[in-house]
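Let's take a walk through this structure together. Have a look at the picture and the sequence before reading on.

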Amino acid sequence: MTLGACAGLLISPSAHKNFEFIASGMIVSLVLAHVISGWQEDRFLNWLQQPTLDTTQKHGAFWASAADRIVRLLKNKEAQRLASEDSLRQFLAAIQASPHGVIILDKDTRIQWSNQTASEHLGLDPKLDLQQLIGNMLRNPVFSDYVNSKTFDHEVIIEGRDHRIDSPHKVGVQLFPYGDGRILLLSRDVTLIEQAETMRRDFVANVSHEIRTPLTVLAGFIETLQTLPLSNEEQEKYLTLMSNQAFRMKSLVEDLLTLSRIEGRHLPGQREWVSVKKIFAHIEEEAVGLSLKLHPLLPDRQRLVFELLNQDEAAEISGSASELISAFSNLISNAIRYTPSAGEIIVRWSVTESGGIFSVKDSGPGIAPEHFARLSERFYRIDRSRSRDTGGTGLGLAIVKHVIQRHEGVMDIESKMHSGSKFSLLFPMHRLRLGNLHSTVEQVNGI
Ligand code: ADP
């Protein structure tokens, strides 16, 4: 109803009646409007208790606009939540992929979160062990002292999950306090580093010991020569002993240099070809000289046999001539030194379908199988005095093993106590170039 119409009704004769009618109409409208608004308010409040992003719900114009704004706000918040959830997921995935173990601890050192690597390092369950005190989980006195010291500027080394004496597993752990009293624990597997460090320490100790012994003996003889009046014969005797000690030191230093040269070098390439026949000529001469030096008298002489069949003598090995000569000589020298007088040593080269084999067989004392695995360790000796007496440095088989590995081959040991030993070096076929005879046989067989 327009304003003019209302004024007309009010000034007309039946204005009183009209006024009553209009008033009651207005009251009804007001009540109705109030009821509707209350209903919309209720609906809005209900919706507000659990707002959805559904915009099809009907609210009054005012409430609808308020609801629209809230929905927009909620949508923004939801997008923000999804974005931060996504970056948290990415962040955790990155920490999971880290090669380091990561554990988040609260200010009481209770576990809040840990990545898989940390769990593997320290034997924790990433879910079941949440809220546990880290000290209770690790139960390691070194770590407990470290936590109590509150000095975290260094790493501590503790035993890892699968640590056993025969299979050590060492883990480096360091704490980094951050934020509001929280602590970040980082762990890393240091088993190999620790092993290398132990080997380095042992090696330095062994070398020092090996050099100190002949040096002490030499110093003793020098003092004797300086202080005691000795006959010519005695002087000669002492000088020979001194020369032996000097020779021993020289051999040791030479073997050490050979080892470090081999370790520092690139792998021998496949372009340099070494003639097996030429190597044989070289090592045979050396072997005869050494055997005669150790067993000079006739009934005591060793029988040395060098077998190189016609069909195999043209073979060539690709690799380093000096390394191969060093490996072959070391095996022959061992056989000569450990085989007693009148014993027999057979050195052989043969080519089979799977590759070339260089072997040295002796009739010496033999080696018990429990030593096989350790024979090529530096300074490992079964009989220390026998090795020293015959001029051994304890590095021979370490050099042999290095050389054969660098030529992609393997070393094989066969031995029985009191029945001699056989050391074989197996070279793969792709490291061999065979002579005419072989290639003819291969062509005939269609290999
Ligand atoms: P060494 O200089 O002491 O001979 P090696 O590394 O060449 O050092 O050899 C390691 C140890 O292996 C030797 O000390 C010796 O006990 C044993 N060995 C090596 N070759 C033979 C062999 N042919 N017969 C018996 N024992 C051997």
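Start at the ligand and look at the shell of residues around it: 9 are nonpolar, 7 are polar and 4 are charged. Keep in mind as you look that this is a predicted model.

Which residues come nearest to the ligand? Of the 20 around it, they are Asn334, Tyr338, Ser387, Thr393 and Gly394. Serine 387 places a polar side-chain atom 2.5 Å from an oxygen atom of the ligand. Threonine 393 uses its backbone instead, with an N or O atom 2.8 Å from a ligand oxygen atom. Now find aspartate 362, where a polar side-chain atom sits 2.9 Å from a nitrogen atom of the ligand.

How much of the ligand does the protein bury? On its own, the ligand would expose 530 Å², and the protein buries 98% of that area.

Next, step back and see where the shell comes from.

Finally, how confident is the predictor in what you see? The average pLDDT for the protein is 88, and 92% of the residues score at least 70. One stretch to treat with care is residues 439-447, where pLDDT stays under 50. For that stretch, the model has 4 contacts beyond four places in sequence.

Definitions and conventions:
Residues numbered from 1 in each chain as written. Predicted model: local features only at pLDDT ≥ 70, side-chain atom pairs only at ≥ 80, totals over all residues. Heavy atoms only, no water. pLDDT = per-residue confidence, 0-100. Contact = heavy atoms within 4.5 Å. Near = heavy atom within 4 Å. Polar contact = N/O pair within 3.5 Å; in protein donor to acceptor, adjacent residues only side chain to side chain. Areas by Shrake-Rupley, 256 points an atom, 1.4 Å probe, with all protein chains shown as cover. Nonpolar A, V, L, I, M, F, W, Y, C, P; charged D, E, K, R; others polar.
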